[in-house]
Amino acid sequence: MAIEPGSTDFKLMMSGLERGLQVAHITTAADQLRYCQHDEEIEAVLNRSDLLQFDQIPVQEQGVIIGLVRKLTVPFGAKGPARRHMQLLGESILVSADASLLEYILNDSLDRLVIHGTKIHGLVTRSDLLKLPVTLLGFALVTHVEAVMLTLIRAIGVGEQIWLGYLEQGSRKDIRKRYKQLTEKRSDPDLLELTTFSNKHTILEHLAAEETYASCLPDRESISQLEEIRQLRNIIAHTGGKVDSPDSIQELIGLLRLTQNWIERWQTEH
């Protein structure tokens with residue numbers, strides 16, 4: 001049986017996951033970073049072969065990191081030493097290694113130096129969101145949304161013959177087939193739990209379109225956003241989060257934020 005999203009067990013599971021997945025888990029350690037020196041000419045820094053693949057370059061002075069050069073913010077044809085074009089250490093550029101990964105993703109600035117205690121632990125950038133811990137977090141968020149969808153449908157109390165009627169014939173056939181297989185194995189399956197994410201979305205769309213049930217459900221915008229959340233599910237399920245372009249990474253970030261905001265809105269309303 002599914003763990004209900006309003007239950008103590010579910011809340012403990014989600015809070016434990018949020019505490020367990022931290023920025024440190026996707027950080028590139030300091031000893032693996034490439035640096036430039038504070039007095040190095042910015043033109044040379046931008047053209048150094050060992051730095052070409054990096055958009056964020058930590059700046060050192062006497063072995064100590066004093067700032068970060070962000071290539072995208074350096075003006076075309078810039079001159080002078082790297083320190084003139086770096087972003088100084090401060091709240092907008094630092095993040096704690098033990099900060100929640102989810103909290104970090106929700107922040108506007110994703111390219112940051114990571115501190116642990118009083119020392120700089122490493123660097124985290126938006127490209128690090130392709131790592132396994134973010135995939136695990138994405139699956140958890142989508143699972144949370146799907147549990148909410150299940151709860152909403154159950155709360156309406158509509159019979160299975162009605163909600164099955166909302167689905168296409170192929171989906172109904174697949175659900176009944178899985179139900180039969182589980183029953184033959186002496187399981188006690190819940191037919192609604194055998195529906196896919198898309199099935200639940202379709203059911204909620206139909207219920208929301210009926211005046212009788214609309215007041216018991218999230219607004220239409222929230223229900224329409226479930227299609228975008230399904231896209232997040234597909235990205236992490238089919239590619240493991242391994243997208244390969246800045247636009248794709250930005251899409252992943254946007255979907256993660258949308259999904260968490262959807263969950264927060266539901267929790268606030270209920």
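The following legends describe views of a predicted model.

**View 1. Overall dimensions of the chain.** The chain contains ten helices and eight strands (DSSP runs numbered from the N terminus: helices are H or I of at least four residues, strands are E of at least two). The radius of gyration is 24 Å, well over the 18 Å given by the globule rule for 270 residues, so the chain is more spread out than a compact globule (C-alpha atoms; the rule is 2.2 Å times the number of residues to the power 0.38). Along the principal axes, the C-alpha atoms fill a box of roughly 75 × 35 × 35 Å.

View 2. Of the 270 residues, 43% are buried (under 20% relative accessible area, 1.4 Å probe, protein chains only). Among contacts with a separation of 6 or more, 61% link residues 24 or more positions apart (contact: heavy atoms within 4.5 Å).

**View 3. The four-stranded sheet.** Strands in the order S2-S3-S4-S5 form an open sheet with mixed pairing (two strands pair if DSSP finds at least two bridges between them). Strand S2 (36-37) and strand S5 (87-88) stand at the edges with a single partner strand each, so one side of each lacks a neighbour in the sheet.

**View 4. The S4 to S5 pairing.** Strand S4 (residues 64-70) runs antiparallel to S5, and two bridges join them. Leu68 has Gln87 of S5 as its bridge partner.

**Conventions.** Residues are numbered from 1 along each chain as its sequence is written, and side-chain values use heavy atoms, without hydrogens and water. Local features need pLDDT of at least 70 and side-chain atom pairs count only at pLDDT 80 or more, whereas totals for chains, interfaces and linings use all residues.

Technical notes
Buried < 20%, exposed > 50% of the residue type's maximum accessible area, 1.4 Å probe, protein only.
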